Amino acid sequence: MTYIHQTITDLKYSSPAQAEFYQAVEEVLDSLGPILETNKIYQQQAIIQRIVEPERQIMFRVPWVDDKGEIQVNKGYRIEFNSALGPYKGGLRFHPSVNASIIKFLGFEQIFKNALTGLPIGGGKGGANFDPKGRSDGEIMRFCQSFMNELYRHIGPTTDVPAGDIGVGAREIGYMFGQYKRLTGRYEGVLTGKSLLWGGSLVRKEATGYGAVYFADFMLKDRGDSLQGKRCLVSGAGNVAIYAMKKLYQLGATPIACSDSSGTLYHDKGIDLALVRHLKEEQRSCLKEYLNAHPDALYTPRSDYPEDGHAVWRYAADAAFPCATQNELTGADAQSLLANGCKLVSEGANMPSTQEAVNAFIAAGIAYGPGKAANAGGVATSQLEMAQNASMQNWTFEQVDKQLQHIMRNIFVTANDTAKAFGQEGNLVLGANIAGFRRVADAMIEQGVV
């Protein structure tokens, strides 16, 4: 049994029943063969065994009272995975699907994503199996306060700086920050994704979606092409998807499909982005309502999805942007995209493509930007927010956006050059994994066995 496979086998024994975590680990470790063969020090220093184990795993009870006066109990998590490059950095996810496996896969991905930015931030992730949908502002506030009653013990501006993720936006960050300030008596940059009124950064809301599109444009330009005139499929209808679609329009492309948890919307003329934003951000309603204003559009309810995948990937298009959640793009979806002429996939979500889909994209030789590279714009801008907080400054939209573009270009160049150096030109999965791993591993070696 090889060194890598033995590590994965041992991990499955020590961390049982965590399928998503195993998937993330295998995807990274399977790419590292070339660097492990040429750099024996990583095996001598047991870097693989050390890097797959979090430095700290925090799990806690979150009791709170709903509007009916009934006591509810959820489970909270914070996985502080690796601090070799800086304080732990990664979002908080509030969603009923959250469990230890989900949080650990996200935290593991975050190590390498953060390393690729070149910024001084380590990897972590957290959240709770709480569903904010259908809850009143009062219920969400009471949950966030109870969540912070435990989390505050483990975070700080130079220790661990959480951000938002699915189910955690400016409202939730605000409630958590208020409780942190009340508990500690300190006003400091301990959370990112804050309101612009009290320490937030311009472009943070847009950053992940914008970054995924910037990364896509860099991939195409490297191949002598651009996004101009491209027809694009986008999954999701939250922040990442909405701002990916906005940037696509700005760069001359046309998003023709998006989705939410209820179904998929297709509009051949191009998605009416202002209406989608109104439906999702203001009314918090289903995309099906889009048809009231645009009866020529098509809506496919989730119940009518193909058994082997997602309806949003079954339309003909030039490019695809998975911006919703993990494993939303299957092997069958990948084959459909390729058969329909798709030449680019840029992942705005974390691990949205199954391993079968990833293999299909790499084999086809299309421009494929894996999530840890393509969606790093969000965490990069979070670090820029940290920098503004530390220096007590507010940067302009143009300043932050320019830095975001610079960071995304550097991530592409780093991953692309690394892939070339290891004889697999165009394989940005291998390039991103090796580049991120090498930066973290070298720092771990220099800091000793800790």
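Residue classes in this passage take Ala, Val, Leu, Ile, Met, Phe, Trp, Tyr, Cys and Pro as nonpolar, Asp, Glu, Lys and Arg as charged, and the others, Gly among them, as polar. The model is a predicted one, in which local features need pLDDT of at least 70 and side-chain atom pairs count only at pLDDT 80 or more, while totals for chains, interfaces and linings use all residues. Residues are numbered from 1 along each chain as its sequence is written, and side-chain values use heavy atoms, with hydrogens and water left out.

A look inside the protein comes first. The structure holds one cavity of 30 Å³ or more (on a 1 Å grid over the protein atoms alone, a set of points where a 1.4 Å probe fits but cannot get out). Two or more lining residues come from each of α2 (19-29), α13 (355-364) and α14 (371-374); helices here are DSSP runs of H or I with at least four residues, numbered from the N terminus. By class, this lining has five nonpolar, five polar and four charged residues.

The second largest pocket (an open set of points with protein on both sides within 12 Å along at least five of seven lines) has a volume of about 300 Å³. Among its 14 lining residues, Glu188, Gly189, Asn389, Ala390 and Met392 are the closest to the centre. Helix α15 (residues 377-391) contributes most to this lining, with three residues. Seven nonpolar, five polar and two charged residues make up the lining of the second largest pocket.

Helix α12 (residues 331-339) packs against α13 at about 30°, with the axes 7 Å apart (lines fitted to C-alpha atoms over the stretch in contact, with angles from 0 to 180 degrees between N-to-C directions). The two helices are therefore roughly parallel, a term for angles under 35 degrees. In contact (heavy atoms within 4.5 Å) are Gly331, Ala334, Gln335, Leu337 and Leu338 of α12 and Glu356, Ala357, Ala360, Phe361 and Ala364 of α13. Seven nonpolar, two polar and one charged residues form this contact.

Helices α6 (residues 100-117) and α17 (residues 428-446) meet at about 85°, their axes 8 Å apart. This pair is therefore roughly perpendicular, the class for 65 to 115 degrees.

Conventions: On a 1 Å grid over the protein atoms alone, a cavity is a set of points where a 1.4 Å probe fits but cannot get out, and a pocket is an open set with protein on both sides within 12 Å along at least five of seven lines; lining residues have an atom within 4 Å of a point. Grid points are joined across faces, edges and corners, and a volume is the space filled by probe spheres set on the points. Angles under 35 degrees count as roughly parallel, over 145 as roughly antiparallel, 65 to 115 as roughly perpendicular and the rest as oblique.
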